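Let's take a walk through this structure, one stop at a time. Have a look at the model below, and then we'll start with a charged pair.

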Amino acid sequence: MTDPSPLRLPAPPPGRRTVLLAGLGCALTACSTTRPNTPLAHSNTPTAPPVSSSPAAFPSPAAWLPGPGELQPDVKLRAVQVVEAIGGWPPGGQGVAAARARVAALGADPGLADQGGPLLADVPRAALEVVYAQYGGLLADSASVLVVCRQWLAGTDGAPVSTGSTVDVRLSSAAPRWRVTSLHLSDPGPASAATADPALRVLAQPRIALPPAAVADVRSGRVHAAALEAMLALAGAYAFEVSVLRSGHPLLVFGTDRPSDHPRGLAFDTWRIEGHPVVDPAAPAGLVESFMRAAAAAGSYNVGGPQLLSGGRTANQFFSDPTHHDHVHTGFRD
């Protein structure tokens with residue numbers, strides 16, 4: 001998801017991944033059940049879900065839980081719980097003060113709610129679903145977790161209206177749990193007056209699933225054509241789900257002073273391929289490797305993932321580190 005970052009954690013043990021399961025609690029949110037990572041169930045055009053006169057029509061998404069293969073599952077869970085607490089509330093639970101109380105109930109800094117931005121719309125009810133939580137950086141004592149969200153806000157008639165964000169959650173190591181220190185919300189900017197090709201083809205391609213912030217990135221006209229064309233090329237062989245394009249990503253490669261390709265619209269991250277999370281050790285053998293090699297063949301100069309691959313047009317075309325244990329990064333030159 002970024003260009004390679006300094007290795008300050010031990011390398012993963014032999015084998016593709018180690019399954020790490022934890023008995024983890026659910027955040028204080030508007031959710032009614034819990035489940036591990038599940039596929040996106042939406043098109044690239046966010047729409048309001050079907051509405052009826054029944055209150056049950058308002059979404060009640062499950063709280064996100066880490067699935068198999070995560071390197072530091074509780075780091076991700078901590079980041080997600082804060083975002084879920086801020087962005088989802090029952091009828092009458094709107095406002096910063098209520099969000100502060102929900103965050104404080106987690107044992108986190110209630111002041112984090114003040115950084116909620118568009119997650120804290122002035123509406124009487126909201127529900128938030130985490131599509132995926134992906135590392136933007138993972139070091140021994142600090143981390144960035146990119147919490148990719150879909151959110152529903154009650155409209156004037158009470159019906160849910162779909163929107164969404166990606167939140168760059170920063171954490172520092174602490175005992176007994178890592179501490180959330182700040183939130184940085186995606187800001188895709190306004191949509192372009194006229195969406196051009198190949199952006200239109202990406203938005204219309206059903207084999208490319210984009211979360212709300214990534215859809216807005218494409219519509220802004222600020223994603224480079226090389227990245228869009230590569231996504232279309234990959235869609236010829238794979239159905240895949242993008243986590244992050246441009247907005248919501250750290251400006252710098254985490255732990256360095258080097259600019260990341262993401263904010264410049266020159267990279268995209270993939271967290272699920274053919275229905276299999278990249279992080280899942282049960283994914284079919286060779287699936288992630290074949291996708292990474294296809295990304296290189298599609299023009300990427302910088303392909304990162306959970307496996308350090310041999311070959312490539314240049315010595316450093318492929319890379320791997322703990323940050324990229326949970327996704328495939330595909331970067332391009334301007």
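Glu129 is buried, with a relative accessible area of 17%; buried means under 20% relative accessible area, exposed means over 50%, and partly exposed is in between (1.4 Å probe, protein chains only). Glu129 and Arg150 form a salt bridge, with their closest N and O atoms 2.4 Å apart. For a salt bridge, a side-chain nitrogen of Lys or Arg has to be within 4 Å of a carboxyl oxygen of Asp or Glu. This pair links distant parts of the chain: Glu129 sits in strand S3 (residues 126-138) and Arg150 in strand S4 (residues 142-154), 21 residues apart. Helices (H or I, at least four residues) and strands (E, at least two) are DSSP runs, numbered from the N terminus.

A word on what you're looking at: this is a predicted model, where local features need pLDDT of at least 70 and side-chain atom pairs count only at pLDDT 80 or more, while totals for chains, interfaces and linings use all residues. Residues are numbered from 1 along each chain as its sequence is written, and side-chain values use heavy atoms, leaving out hydrogens and water.

Now for another pair. The side chains of Asp74 and Arg177 meet in a salt bridge at 3.0 Å, N to O. Asp74 is in helix H1, while Arg177 is in the loop between strand S6 (166-172) and strand S7 (179-185), 103 residues apart. Asp74 is partly exposed at 26% relative accessibility, and Arg177 is partly exposed with a relative accessible area of 26%. Across the whole structure, a search finds 13 salt bridges. Among the charged residues, Glu70, Lys76 and Asp326 are linked in a network of salt bridges.

Next, head over to helix H2 (residues 96-105), where Ala99, Arg102 and Val103 are buried. Seen down the axis of H2, these buried residues fall within an arc of 95 degrees (taken from the directions from the helix axis to the C-beta atoms), so they line one face of the helix. On the other side of H2, Ala97 and Ala105 are exposed. What covers the buried residues of H2 includes helix H1 (73-87). Just after H2, Gly107 takes a positive phi of about 85 degrees.

Finally, step back to the whole chain. The protein chain has six helices and 14 strands, and buried residues make up 54% of its 334 residues.

Key:
Contact means heavy atoms within 4.5 Å.
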